[in-house]
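Please open the structure in a viewer and keep the selection tool at hand.

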Amino acid sequence: MRSLPIRWEGAHEARFLARERSYTLKRIFPYKPFEAPVVTIVSCAAVLLVVPTTARAHGFAGSRFFPATLTTDDPFVNDELSLPTVSSIVTLDEGGTRDTEVAVDIAKRITPNFAIEVGESVINLKPPNESSQTGFGNLELAAKYEFFESDEHETILSLGAGVEIGGTGNKRVDADSFTTWEPGLLFGKGFGDLPETVSFLKPLAVTGLVGVAIPTSASTRTVTLNETTGERDIDIERHPDVLEWGFAVEYSIIYLQQQVKDVGLHPPFDRLIPLVELAFETPLNRGQQGLTTGTVDPGVIWSGKYFQLGAEAMIPVNSCTGNDVGFIAQLHFYLDDLFPHTLGRPLFGEKK
């Protein structure tokens with residue numbers, strides 16, 4: 001579950017990327033007054049509540065199980081809880097600030113294929129040769145609608161919309177004072193429909209997303225007093241619209257053992273899903289267009305009946321992102337399996 005990448009789930013989605021002085025990078029949850037978009041989302045949600053669906057929980061399309069990814073959002077809707085997601089990476093802020101975050105995300109299905117998500121994080125920033133600062137990040141909200149599923153071709157498509165509510169976090173950890181909205185498209189495709197001649201490729205799957213983070217403020221002005229000259233200094237920080245894009249390439253040992261060929265692996269190795277996630281952000285305007293940053297995140301997920309464990313390295317793709325390798329780890333609970341008759345089922349519509 002990631003915020004659109006503001007992780008969508010999330011999350012989480014990757015607030016772990018470098019924060020440039022000219023703008024702050026946002027993940028998947030990542031203008032108008034706040035009230036107008038809220039009315040729109042609530043109205044759309046009301047319509048979706050009455051749409052009949054046959055969507056299944058737990059990230060399935062046919063025989064394909066899509067796990068909840070760590071740094072890019074997954075395309076399915078579900079009742080799930082990430083508690084905690086822990087990440088740490090050195091950003092370029094102030095010559096190399098270590099950004100460590102502990103996040104929690106919860107997603108709840110309203111109908112079988114429409115869900116809402118809430119996320120919050122505690123952030124610790126440790127600049128070089130300075131004391132660390134700890135505080136809450138901005139509150140993140142999101143909604144996701146799974147509008148297409150093909151069991152035969154193991155395909156899922158979803159629409160998502162997220163918002164990071166400005167001013168709800170602590171300024172000492174650089175929480176933005178302005179709100180950021182992010183609509184996006186999410187997809188998942190398994191390759192179980194490949195011919196038998198390449199059956200070894202059938203366990204492969206790809207999930208991904210494309211979204212745009214739209215800040216409600218084009219720039220922020222900070223006025224400071226120059227103690228030497230007595231004059232006021234004005235610092236203008238521009239906030240561009242940012243293209244959020246990324247994908248995950250997975251090779252499911254679970255699918256290999258159950259759907260292709262039992263190669264004799266035993267627990268816990270028969271429940272592994274090695275994967276590589278790639279999360280990127282590209283500013284689109286306000287003098288910063290084209291400056292892509294991001295990370296490549298190789299790792300592994302172990303998926304059981306009630307929960308999954310995941311861990312990945314976070315490798316900066318260029319010097320604009322950072323110079324040191326970070327990490328992200330997550331404990332993720334399947335609420336639909338833990339509480340199938342209460343918390344883990346949709347509020348309306350078909351009960352699975």
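Begin by selecting Lys-144 and Asp-73, whose side chains meet in a salt bridge with an N to O distance of 3.3 Å. The term salt bridge denotes a side-chain nitrogen of Lys or Arg within 4 Å of a carboxyl oxygen of Asp or Glu. This pair links distant parts of the chain, 71 residues apart: Lys-144 belongs to strand S7, and Asp-73 to the loop between strand S2 (64-65) and strand S3 (80-91). Strands (E, at least two residues) and helices (H or I, at least four) are DSSP runs, numbered from the N terminus.

The model is a predicted one: local features need pLDDT of at least 70, side-chain atom pairs count only at pLDDT 80 or more, and totals for chains, interfaces and linings use all residues. Residues are numbered from 1 along each chain as its sequence is written, and side-chain values use heavy atoms, with hydrogens and water left out.

**Charged pairs**

Are the two partners of the opening pair buried or exposed? Lys-144 counts as buried at 1% relative accessibility, and Asp-73 counts as buried at 0%. Here buried means under 20% relative accessible area, exposed means over 50%, and partly exposed lies in between (1.4 Å probe, protein chains only).

Next, select Arg-109 and Asp-79, a salt bridge in which the closest N and O atoms are 2.6 Å apart. Arg-109 lies in strand S4 (residues 97-111) and Asp-79 in the loop between S2 and S3, so this pair ties together parts that are 30 residues apart in sequence. Arg-109 is buried at 1% relative accessibility, and Asp-79 is buried at 0%.

Then move to Glu-196 and Lys-202, where the closest N and O atoms of the salt bridge are 2.5 Å apart. In this pair, Glu-196 is exposed at 59% relative accessibility, whereas Lys-202 is buried at 10%. A search of the whole structure finds nine salt bridges.

**Nonpolar cores**

Now select Phe-65, Leu-70, Ile-89, Ile-254, Ile-273, Leu-275, Ile-301, Met-314, Ile-328 and Tyr-334, the 10 residues of the largest nonpolar core. Strand S14 (272-283) and strand S17 (326-334) each supply at least two residues of this core. A nonpolar core is a set of buried Ala, Val, Leu, Ile, Met, Phe, Trp, Tyr and Cys residues joined through side-chain atoms within 4.5 Å. A second, separate core has five residues, among them Ala-61, Phe-66, Phe-76 and Ala-205.

**Aromatic rings**

Five aromatic pairs are found in a search of the whole structure. Select Phe-60 and Phe-65, which form a tilted pair, 5.5 Å centre to centre with 45° between the planes. Rings of Phe, Tyr and Trp (its six-membered ring) pair if their centres lie within 6.5 Å; planes under 30 degrees apart count as stacked, over 60 as edge-to-face and the rest as tilted. Phe-60 is partly exposed at 28%, while Phe-65 is buried at 11%. Another tilted pair is formed by Trp-302 and Phe-307, 5.6 Å centre to centre with 50° between the planes. Trp-302 is partly exposed at 23%, and Phe-307 is partly exposed at 29%.

Leaving aside neighbours within four places in sequence, Thr-207 is in contact with several residues, including Phe-66, Phe-187 and Phe-247. Contact means heavy atoms within 4.5 Å.

Glu-154 is the next selection, in the loop between strand S7 (139-150) and S8. Glu-154 is buried, with a relative accessible area of 4%. Phe-191 is 37 residues from Glu-154 in sequence and 7.2 Å from it in space, C-alpha to C-alpha.

**The surface**

Finally, select Phe-147, Phe-148, Leu-159 and Leu-185, a nonpolar surface patch with about 350 Å² of accessible area together. Patches are made of residues with over 30% relative accessible area and no salt bridge; like charges are joined within 9 Å, and nonpolar side chains (Val, Leu, Ile, Met, Phe, Trp, Tyr) within 5 Å. Accessible areas come from the Shrake-Rupley method with a 1.4 Å probe, and for residues only the protein chains shown count as cover. Leu-159 is found in strand S8 (residues 155-165) and is partly exposed at 45% relative accessibility.
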